[in-house]
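Colleague: Hi! I'm new to this one, could you walk me through it?
Modeller: Happy to, let's bring it up on screen.
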Amino acid sequence: MKKQIFYSSLSTSQWFIFLLASSIAFPIVIGNVFHLSIDEISELMQRTFFVVGISSFIQGWIGHRYPIADGPAGSWVSVFVILAGLTIQQGQDTRETLQLLEGGLIVAGLLLLILGLTGLVNKLLFLFTPLVTGSFLLMLALQLSGVFLEGMLGIKEGAASLDYGVVAVSFIVFILVILLSIKGKGWIKSYAVLIGILSGWLLYFLLGKKAPVLSHSDSFVKLPEVFAWGPPQLNVGMTMTAILFLFLLVSNTVAAVTAVRQAVPEADREEKQTINRGITGGGISHFIAAAFSTVGIVPLPVSAGFIQLTGQKRMKPFLIASLALSAIALIPAVVNFLALLPGSVASAALLASFVQMIGISFQSIMKEELDQRRLTILGITLLIGLGLMFLPGSTFEGLPSIAQYICSNGLLVGTMIVILLEQLWKK
């Protein structure tokens with residue numbers, strides 16, 4: 001009995017750290033691009049932890065009901081970054097831009113809720129073929145691999161040059177997680193990510209490296225602020241962006257559920273109902289994200305890679321970890337302690353999970369024969385979608401703002417291309 005409780009506690013701890021590691025980087029990125037103060041970044045991190053925990057619990061309990069971690073959406077982060085650059089370049093108030101983004105999240109949440117509650121999303125599922133889902137997963141993995149590789153190299157930490165000690169620790173963690181997940185036996189294999197992160201954190205401090213504590217609070221408990229950026233606002237450009245992003249958000253949910261269904265094959269559930277509930281849960285998550293002024297929260301397809309790495313398929317540890325993340329977000333001292341987790345170590349562990357996600361994307365693509373038609377569609381999708389990711393941010397400065405959101409987002413453009421070609425170019 002004690003042994004079972006011990007292993008259950010380890011499973012919960014590992015899910016907790018995975019949820020934390022998936023959430024910790026983007027608040028700092030957003031805070032930097034919008035020139036937020038140290039205290040504001042700390043509060044954004046607190047709100048992000050709270051929303052991620054609540055959203056993950058809702059999805060696991062009454063949404064898609066899979067152990068899929070929710071986290072900040074990379075696609076929404078790109079919109080935040082683009083808008084921040086435009087606002088600062090034009091000398092406008094960044095606070096008003098953040099209020100517009102709150103409004104955009106509400107519109108996206110409302111549309112997701114309508115699709116889920118009415119069942120209309122089921123009429124769109126024919127668009128998400130194995131080629132579409134596999135291409136989305138592959139582009140998402142390759143896009144975020146750049147973000148996490150930058151984190152491993154310490155580029156986002158503002159250093160003038162590479163800190164080779166940090167780089168060495170990052171790659172030790174990356175290699176250790178992969179080796180333990182492949183060669184490890186028993187519980188060591190199951191807790192590869194947890195062991196890797198804790199080992200890297202220890203090495204980081206043995207080398208004398210220190211991560212900054214973002215803020216200090218005298219209160220023991222602090223509730224997250226509602227509409228911390230001010231009341232939501234909306235304009236035509238943001239409304240159109242939210243509508244276009246609907247396809248990306250649905251693609252994300254379908255891809256996450258499909259990927260985890262492959263990682264948890266014994267879960268025999270009706271796919272349409274599962275995705276229907278997941279889309280409804282996504283609408284609720286976007287409302288919560290808007291209310292607590294954070295980046296849009298979505299199911300993370302990389303959870304499938306984490307499950308394959310660790311073998312953690314049970315719901316109970318996942319749900320407990322989700323609630324625990326929301327609970328500790330109410331305690332400023334704990335948030336500050338968790339902020340000590342080096343971003344380079346968290347990035348290395350997450351990148352190791354993406355190795356499995358690449359494999360899942362190829363499995364999805366190869367569910368059907370790779371004939372000339374499908375190979376051509378895949379090639380066009382990857383060349384244009386990934387090509388846009390390599391262009392400098394100033395490339396589309398002369399275009400209207402809504403065109404800048406679209407053209408600067410390779411994942412969105414690539415997903416729309418593969419959907420259109422799959423439907424227009426029939427066998």
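Colleague: Let's start with F227. Is it buried, partly exposed or exposed?
Modeller: F227 counts as partly exposed, because its relative accessibility is 30%, which falls between the 20% limit for buried and the 50% limit for exposed. Do keep in mind that this is a predicted model.
Colleague: Noted. Where is F227 placed?
Modeller: F227 lies in the loop between helix 9 (192–206) and helix 10. F227 also has a positive phi, about 45°, although it is not a glycine.
Colleague: And what about S293, what is its phi?
Modeller: The phi of S293 is positive too, at about 55°, and S293 is not a glycine either. Its place is the loop that runs between helix 11 and strand 2.
Colleague: Buried or exposed, that S293?
Modeller: S293 counts as buried, because its relative accessibility is 0% and the limit for buried is under 20%.
Colleague: Okay, zooming out. How many helices and strands does the protein chain have?
Modeller: The protein chain has 18 helices and two strands.
Colleague: How does its radius of gyration sit against that of a compact globule?
Modeller: They agree: for 427 residues a compact globule would come out near 22 Å, and the protein chain has 21 Å. The C-alpha atoms fill a box of roughly 55 × 55 × 45 Å along the principal axes.
Colleague: What percentage of the residues is buried?
Modeller: Buried residues are 56% of the 427 in the protein chain. As for the accessible surface, it comes to about 17700 Å², and 68% of that belongs to carbon and sulfur atoms.
Colleague: And the contacts, what share joins residues at least 24 apart?
Modeller: That share is 86%, taken among contacts between residues at least 6 apart in sequence.
Colleague: Which residues lie nearest the centre of the largest cavity?
Modeller: Those are P72, G74, L140, L144 and L300, out of 20 lining residues. By class, the lining has 16 nonpolar, four polar and no charged residues.
Colleague: Which helix supplies the largest share of that lining?
Modeller: Helix 6 does, with four residues. Helix 4 (74–89), helix 6 (130–153), helix 10 (236–263) and helix 15 (343–365) each supply at least two.
Colleague: What lines the second largest cavity?
Modeller: Its lining is made of L112, L249, T253, G282, H286, I297, V298 and P299. Strand 2 (297–299) gives the most, three residues. Helix 10 and helix 11 (271–291) each supply at least two. Five of the lining residues are nonpolar, three are polar and none is charged.
Colleague: Now pockets. How much space lies in the second largest pocket?
Modeller: About 300 Å³. That pocket has 15 lining residues, and F128, V254, T258, E271 and K367 lie nearest its centre.
Colleague: What gives the most to its lining?
Modeller: Helix 10, with four residues. Helix 6 and helix 11 are also among the helices that each supply at least two.
Colleague: And how do the pocket's lining residues divide by class?
Modeller: The second largest pocket has six nonpolar, five polar and four charged residues in its lining.
Colleague: Great, thanks for the tour!

Key: Residues numbered from 1 in each chain as written. Predicted model: local features only at pLDDT ≥ 70, side-chain atom pairs only at ≥ 80, totals over all residues. Heavy atoms only, no water. 1 Å grid on protein atoms, 1.4 Å probe; cavity = no way out; pocket = protein on both sides within 12 Å on 5 of 7 lines; lining within 4 Å. Nonpolar A, V, L, I, M, F, W, Y, C, P; charged D, E, K, R; others polar. Points joined across faces, edges and corners; volume = space filled by probe spheres on them. Rg over C-alpha atoms; globule rule 2.2 N^0.38 Å. Buried < 20%, exposed > 50% of the residue type's maximum accessible area, 1.4 Å probe, protein only. Contact = heavy atoms within 4.5 Å. Areas by Shrake-Rupley, 256 points an atom, 1.4 Å probe, with all protein chains shown as cover.
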